[in-house]
Amino acid sequence: MNRIMIIGQAGSGKSTLARDIGRRGNLPVVHIDLIHWKTGWIERTQAEKTPLVLDAIAQDRWVFEGGNSSTYPQRMARADTLIWLDLPAPLRLRRALWRSVKHYGSNRPDLPKGCPERLDPAFYRWIWRTRHSGRASLKNWFETAPPHLQKYHLQSKHDVMRWVQNTFPDT
């Protein structure tokens, strides 16, 4: 595994898993939120994001986590592994809320400087409101992914822990 793509809805643990895989597999980690946001929670345009994504995936080795599905085809074409974190919505919502409380007012490592964590009720509502539509979209991406990809559909915290332990047993 040299190029791993992680997809999942908000709060599924994409950033955490990517950091863990990066550390265990000695792979550089690419967080979509570092590409998506500029300082001050200003969203980059798609025209700005796409070249940054393409530059990142042109590298020989990486773990790339996150959304921006308009670049999924290019990422999947370069990846050798696809992981779909498909965890239950109540768990994801709790995680997102806990992350906001834990990092409130400071920057998480997967966000650019100047984007302090905040409590955002609209974000939590969005997580809940898109629990079915977002999952259906990711399911479609996963099921129609190119055949060269090793695919892993992880549906629980236990699945994720077991996958990491089986994939990186000596670390």
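Guide: Here's a tour that starts at the sheet and then moves on to the helices and the aromatic rings. One thing to keep in mind is that this is a predicted model.

Let's begin with the strands. There are five of them in an open sheet, and reading across you meet β2, β5, β1, β6 and β7 in that order, with parallel pairing. In general, the strands of a sheet pair through backbone hydrogen bonds, either parallel or antiparallel. The edges here are β2 (29–31) and β7 (150–154), each of which pairs on one side only. If you ignore direction, neighbouring strands are turned by 15° against each other on average.

Now zoom in on one pairing. Strand β1 (residues 3–8) and strand β6 (residues 81–85) run parallel and are joined by five bridges. To find your place there, look for Met5, which stands opposite Leu82 in β6.

As for its build, α5 (residues 89–103) has 15 residues and reaches 21 Å from its first C-alpha to its last, close to the 21 Å expected. After α5 comes Gly105, whose phi is positive, near 80°.

Let's finish with the rings. There are eight aromatic pairs in the count. Take Trp163 and Phe168: their ring centres are 6.2 Å apart and their planes sit at 80°, so this pair is edge-to-face. Are these two buried or exposed? Trp163 has 6% relative accessibility, so it counts as buried. Phe168, at 13% relative accessibility, counts as buried too. Elsewhere, Phe123, Tyr124 and Trp126 form one aromatic cluster.

Look at Lys151, whose charged end sits over the ring of Phe142, 4.7 Å from the ring's centre. Then find Trp41, where Arg118 lies over the face of the ring, at 4.0 Å from the ring centre.

Conventions. Residues numbered from 1 in each chain as written. Predicted model: local features only at pLDDT ≥ 70, side-chain atom pairs only at ≥ 80, totals over all residues. Heavy atoms only, no water. Pairing = 2+ DSSP bridges. Helix = DSSP H or I, 4+ residues; strand = E, 2+ residues; numbered from the N terminus. Axes fitted to C-alpha atoms, helices over the stretch in contact; angles between N-to-C directions. Expected span 1.5 Å × (residues − 1). Phe/Tyr/Trp six-rings, centres within 6.5 Å; stacked < 30°, edge-to-face > 60°. Buried < 20%, exposed > 50% of the residue type's maximum accessible area, 1.4 Å probe, protein only. Lys NZ or Arg CZ within 6 Å of the ring centre and 35° of its normal.
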